Amino acid sequence: MSLRSSYTLIAPFYDWLIGPALGRVRARSLARLPRAGNAHILLNGIGTGLDLPLLPATHRYTALDLTRAMLDRALPRGDRLDLHWTQGDSQQLPFRSGTFDHVLLHLILAIVPDTCAALREAARVVKVGGRLFVLDKFLRQGESAWLRRMINPLTRRIATRTNVVFEDALAGISGLRLIDDQPALAGGWFRMITLEKTADQDLPDSSVSSSSRRGQVSQTMPPSNATATEASIRYHINPVIAPAL
Ligand SMILES: C[S@@+](CC[C@H](N)C(=O)[O-])C[C@H]1O[C@@H](n2cnc3c(N)ncnc32)[C@H](O)[C@@H]1O
């Protein structure tokens, strides 16, 4: 089963399963965002939009997720925000390099099959000086965590990987500086990590790659404060969704 299929099935239960358990941690994590100014922030892997009611309305946002059923649930939660919607893949973002002031990565880096690719892409699309705000579950280098490693072959297919070592992913990426790393939940399995982009990477811009054009459909939804509805979704060919998911 692909992650897109499993999250389509999970979507109706997601808020009930995850909402209460992560409520306080989510609020703590979002308190890292600037409270003033007019930044453009990517909400990477927005899911059902549990973050949306907690976001400062002063900024502009772009919300991305792979799964239409999750985006459909997020849509009504964005009403008070300047928010643009995109269906796409975090491992191959459909945005030009340096598009965003900051990127929020709540429960996405340990979900995707290739954490390093998703982190590299987040670093690519943020401006130099911009921050990546990560909240996710990671193992420490050398941590045995035998149960989490053992269940990973099953869980990675249906919801999340449980064996991701953040430092291993970060080691493959240049131009990122660690600002902060705090335990958030479950004895430090969940961590709040803040990174800053210090330099541009010498990487191809996947948003303009035509060789990866697969003809898959994505949706770009207009700002929800302009009364976004199902009917107002504009369809276009997405050149970047990876086929392997
Ligand atoms: C655990 S949920 C997290 C949702 C939300 N960020 C939150 O904090 O509640 C993971 C989300 O990642 C999405 N997802 C899975 N693979 C993805 C990919 N390759 N690119 C973008 N989103 C993906 C799923 O559809 C799901 O909405």
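**Exercise 1. Find which element gives the most residues to the lining of the largest pocket, and how many it gives.**

Solution. H1 gives the most to this lining, with eight residues. Helices here are DSSP runs of H or I with at least four residues, strands are E runs of at least two, and both are numbered from the N terminus. A pocket is an open set of points on a 1 Å grid over the protein atoms alone, where a 1.4 Å probe fits, with protein on both sides within 12 Å along at least five of seven lines; lining residues have an atom within 4 Å of a point.

A word on the model: it is predicted, local features need pLDDT of at least 70, side-chain atom pairs count only at pLDDT 80 or more, and totals for chains, interfaces and linings use all residues. Residues are numbered from 1 along each chain as its sequence is written, and side-chain values use heavy atoms, with hydrogens and water left out.

**Exercise 2. Describe the space in the largest pocket and what lines it.**

Solution. Start with the volume: about 670 Å³ of space lies in the pocket. Next, look to its centre, where Tyr7, Tyr14, Leu107, Ile111 and Ala159 are the closest of the 37 lining residues. Then sort the lining by class: 22 residues are nonpolar, ten polar and five charged.

**Exercise 3. Work out where the ligand sits and which residues come nearest to it.**

Solution. The ligand takes up the space of the largest pocket. There are 20 residues around the ligand, and Tyr14, Gly45, Asp65, Thr67 and His106 come nearest; to count as near, a residue needs a heavy atom within 4 Å. Helix H1 (residues 3-30) supplies the largest share of this shell, three residues.

Methods. Sits in = over half its atoms within 2 Å of the grid points. Points joined across faces, edges and corners; volume = space filled by probe spheres on them. Nonpolar A, V, L, I, M, F, W, Y, C, P; charged D, E, K, R; others polar.
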